[in-house]
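Have the model open while you read.

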Amino acid sequence: MERKTIQTLVYEELKRNIMSMRLEPGQAMSTQEIATKLNVSRTPVREAFLHLQSEGLVEMIPQRETIVSRIDLKRVDQEKFIRECLELGVINKFLVKKNREAIQKMSRFIEIQKQCDEKRDFVGFLDADDQFHKVLFDVTDQQMAWATIAGRNGHYNRLRILFIQKDTVMESSIQQHADIVRLLEMGDEERVSKALASHIQRLDVDKTGLATAYPDYFDTGNENSRERRIGTL
């Protein structure tokens, strides 16, 4: 197994905290504070910031500060578009494979989601959700497509973690996954494609409401209204 570099480990730790909302949108991050917390030099922290900036997760303001990017709804739409197109594109390939073990694996991730629902473990729930969908790409040997989704979903996924905290959303997501599995077992490409598209698009009806409920988390384009908060790991 390839040993990860310090820069990679720092990047992964920061991204994990950003995606879980432990580091909130709009929070300022101190290079020195993070370096001290992680017991590393400032260099890998700065390199990690550059990597996160390339993914649209942080904003580096020269001579001022680095902040966690606020959620941009226009970017959410673009990230969701990429996911929807690529995911719907592998359905036929998946059905051709007729991989019973893969469908059973997806069912096991549904069971994990049920456990996360009971514990209100939002991060664990979304991780199981992603693993559920990743099976489609693994079975069809489309790892590059999944890597594209995983590397360009920071705004969409942070909206998801706000969305699933609403009452009954995790329960309904589990039911949608169960419906997808059932349709995959039936081999009904048209209906499973519709079910999958509906599952991915369910955020559309609520994203404006989330922006209203969490105004500090979203990019309104008004720099003067942005409060800077110091973030900690």
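Which residues in α7 meet which residues in α10?

1. Phe122, Phe125, Asp129, Phe132, His133 and Leu136 are the α7 side, and they meet Met170, Ser173, Ile174, His177, Ile180, Val181 and Leu184 in α10. Contact here means heavy atoms within 4.5 Å. Sorted by class, this contact has nine nonpolar, three polar and one charged residue. For the classes, Ala, Val, Leu, Ile, Met, Phe, Trp, Tyr, Cys and Pro count as nonpolar, Asp, Glu, Lys and Arg as charged, and the others, Gly among them, as polar.

2. Before going further, a word on the source: this is a predicted model, where local features need pLDDT of at least 70, side-chain atom pairs count only at pLDDT 80 or more, and totals for chains, interfaces and linings use all residues. Residues are numbered from 1 along each chain as its sequence is written, and side-chain values use heavy atoms, with hydrogens and water left out. Helices (H or I, at least four residues) and strands (E, at least two) are DSSP runs, numbered from the N terminus.

3. Back to α7 and α10 (residues 169–186): they pack at about 15 degrees with their axes 12 Å apart. Axes are lines fitted to C-alpha atoms, for helices over the stretch in contact, and angles run from 0 to 180 degrees between N-to-C directions. The two helices are therefore roughly parallel (under 35 degrees; over 145 is roughly antiparallel, 65 to 115 roughly perpendicular and the rest oblique). Their crossing is left-handed, that is, the near helix is turned anticlockwise from the far one by less than a right angle, with clockwise being right-handed.

4. α7 also packs against α9, with axes that come within 10 Å and cross at roughly 125 degrees. That pair is therefore oblique, and the crossing is right-handed. Phe122, Val123, Leu126, Asp129 and Asp130 of α7 make the contact with Asn157, Arg160 and Ile161 of α9.

5. α9 (residues 154–163) has another partner in α4 (residues 73–89), at an angle of about 100 degrees and with the axes 7 Å apart. So α4 and α9 are roughly perpendicular. Among the α4 residues in this contact are Arg75, Glu79 and Arg83, while the α9 side includes His155, Tyr156 and Arg160.

6. The search was run on a 1 Å grid over the protein atoms alone: a cavity is a set of points where a 1.4 Å probe fits but cannot get out, a pocket is an open set with protein on both sides within 12 Å along at least five of seven lines, and lining residues have an atom within 4 Å of a point. One cavity of 30 Å³ or more turns up in the whole structure. The largest cavity has a volume of about 40 Å³ and is lined by Arg83, Asp129, His133, Tyr156, Arg160, His199, Ile200 and Arg202.

7. The largest pocket has a volume of about 610 Å³ (the space filled by probe spheres set on the points, which are joined across faces, edges and corners). Of its 20 lining residues, Lys15, Met19, Asp127, Asp130 and Asn157 are the closest to the centre. α7 gives the most to this lining, with six residues. By class, the lining has seven nonpolar, five polar and eight charged residues.
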